[in-house]
Amino acid sequence: MSTEPETTESAEPGKPEDAVRSGTPTDAPDAGRPDAGGADAGGADAEDAPGTDGSPDTTGTTDADTSETSDTSETSEPADTTEPAPAEGSPQLSEAEAELLAQKLERERIEQRKAEKKGPIASGTKLSGQAADLLAAVRAVESGEKPVAAVFAEPRPAPRRPAPEPVRRPQPVPAAPAPSDAPAPHTVDGARRVLTEGSAPEALAPQVAAALGEGAEDLLREDPWQLLRVTGVRPEQADGFARALLGAECRPDDERRARAVTVWLLEQAALAGHTALELSALATALARQGVPDADAAVQATLAEGEALVFQDPLDEPGARPGTAPSAPSPAPAASPAPSAAAGDGAADAEGEQDEAEEERPVRVLVGLERYALAEESLADGLARIVNSLSKEPSPEWEAAAAAASGSTAELIRATAGHGLVLHTGGEASRAEPVALLTVARGLGLRAVAACHTPDGRRRFAALLGAEDPVVTVPGLLAGTEGPGRDAEGALDLDVLVVLDAPQLDVEGAAMIVESLPDGARLVLSGDPAVLWSAGPGRVFADLLAARTCPQVASRTPDPGPLGELVSGVGIGELNQVDAPGKEIVIVPVRDAGEAVHRTVQLVADSVPRALGVPPEDTVVITPGHGGAAGTRVLNAALKERLNPGPGRFGGFDPGDRVAYSPAPGRTVPGQVVGADAEGLHLSCADGAVVVPKERVEQAVRHGWALTAHQAVGSRWPAAVVVLPGDAAQALSRPWVYTAFGRGERHLSVVHGVEQALPRAVAEVTAKPRTTRLPALLRSQVPAAQ
């Protein structure tokens, strides 16, 4: 085995290869089988698309998606939103009033319509033909073998080498529904009947019933394209189902199809991290899916209340990012008896002002109500927090800040006088929130810290020297951890410090903010260089860009060779680092087979022998689940070496390391204890867990090898990062930064991507996500001075 210290070769910067996944348009509803290559299939886990690991495949630009390995800004032209002029004499509504009225009417319609929920796919029997294709596609998404559809992707240029198997993006598995939420047997039976008539697998009946609710059978007969609400079903598969039910009445221009595909595209965008899409990008994607009139499709979807439209003002040219556009100049006050000339001048001034307002550039966005309301609620809650805390100086806080030094003192002083504070830094910077929490509790305040993972909670509690005030974010929101709630339903606390803040999506952040009482202080702390949240939005990055509150950048560097390496990656430099204690080892490999072999050798033999780190304390990180050296292949090889067995419990044996996903975007490491009629028994950091047997296939994976998004928020004594040749297009600076930072004492890099690694670190930054939070904040919270 080659275990020489890292000697990163310096190479001339090269242009990254275009790695956009091909997106085959559906010109008419005649394609009834799933795509064979998996490049455009539905799904939602963040690591199954090359080069993303959770980064979106859609950027909201006019030309739709950009290269997987390039960062492209949004450049779409404002959509034409001109409306017919009102009749003479009719009351004039301002643009804002008209928009508010339209939104009110749309939301009233929404309240009167549908309530859908998604459930797991039930096991089915052997099928053939189109039914087998559809069931296989749905199961592939649920199990992680298929990615989110590249509905906004341009065709990929011809590769310079034979195209490798794509790294696929599985969809996070929804939490198991409570028994009371399970669809009624007669609803399932009705869904099964209509699925059979449409040549679809009847095994999908429970999931169809859960998604469509009571009357699922009648709804599918009236609108077969509602099958797209089932996770993993793609438009061409819904088209095949519709042809079987409707016969000659099935047409590409059917309004029902247009609406369903529009909603499906917005859902795929949300899975890729966007909370909304620019109208131009949505229209382009609709055209690729064979919708002949994209504008009519969007209008029909809005009219049915299935989506909402927004007009967000753009920053003025030359304005500092995140600052509010300047307000229109007020009209001059009129004198008590103005002359005719003066009156004409005032009228002209008002007309010019109105014209300027009308010509103010905006971007037109379309989004699902769920995420639109979450972002609006988050912006409202943040404004309440910022404005509700008294800014009077406190002698106690000032004394505590004076006793500290550096960025720790800055953090204490900022928290003393502001309701919202942002704190940035690496792993070593956690000592500063620890000091803040200690000061707050010393002043008699109810202070709590919340981490993204149980491992993060353990590490922060160790620094604090106490476990009582440290919780996980899911536990805090669920009420299973933390201080509980007061009589009004707010969290019973005065100071909340949220660690790993980049992992907050808009819905999680909105729930936290809504739960805080008036006068509470919120500190969001995290490393802005790591991968963004698995769910829609980029809350922490949006808040940093908006500059609506104090920001404290830690000056505490991460120590040692690993800290030096990771810090360099964060600024786009892959430096050669001295590692006298074998903290960093590079293992060059020629192909994926050798990469798997070397990885097993490192975990089972080399790292334990050289460093004394047992295999159970080493994590393997690779860009995706699929591929010749993805998590599936690596986990199979590691299981064969470390815990061989027949896999008699749904592929698992007692002693297997697993990654359990209790909810979308969450991964909890654990170990198999056993299995019985209740399900698979796991031992996790939060305690014993029983996974029902019908959910094992969807919610549990072997966990020796993880993706970077699964590993974010946790650290291990040793990390082995696997970079096979087919992973070159999957690399980006945030991915490398996150993966390299998971090891506390040791990092081995199984390196087969040659110069693609330094090129990704230097050039491939995080892909943009389309969100509305910055615009919403600008209208409610002034920029911090």
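**Ground rules.** I am working on a predicted model, where local features need pLDDT of at least 70, side-chain atom pairs count only at pLDDT 80 or more, and totals for chains, interfaces and linings use all residues. Residues are numbered from 1 along each chain as its sequence is written, and side-chain values use heavy atoms, with hydrogens and water left out. My helices (H or I, at least four residues) and strands (E, at least two) are DSSP runs, numbered from the N terminus.

**More on α20.** I found a kink of about 50 degrees in this helix (residues 592–611), centred on Leu 602. The bend at a residue is the angle between axes fitted to the seven residues ending there and the seven starting there. Leu 602 is also on the list of buried residues of α20, which includes Glu 594, Arg 598 and Val 603. Buried means under 20% relative accessible area, exposed over 50%, and partly exposed in between (1.4 Å probe, protein chains only). What covers them? I noted β11 (584–588), β12 (618–621) and α21 (631–642) among the covering elements, along with β19 (716–723) and β20 (743–751). After the helix comes Gly 612, with a positive phi near 75 degrees.

**Asp 254.** I looked this one up in the loop between α6 (235–246) and α7 (255–271). Is Asp 254 buried or exposed? Asp 254 counts as buried because its relative accessibility is 6%. Leaving aside neighbours within four places in sequence, I found Asp 254 in contact (heavy atoms within 4.5 Å) with Trp 225 and Glu 249.

Next I traced an open sheet of 3 strands, in the order β2-β4-β3, with antiparallel pairing. β2 (277–278) and β3 (308–313) stand at the edges with a single partner strand each, so one side of each has no neighbour in the sheet. β2 pairs with β4 (residues 362–367) over 2 bridges; two strands pair if DSSP finds at least two bridges between them. Glu 278 stands opposite Leu 365 in β4.
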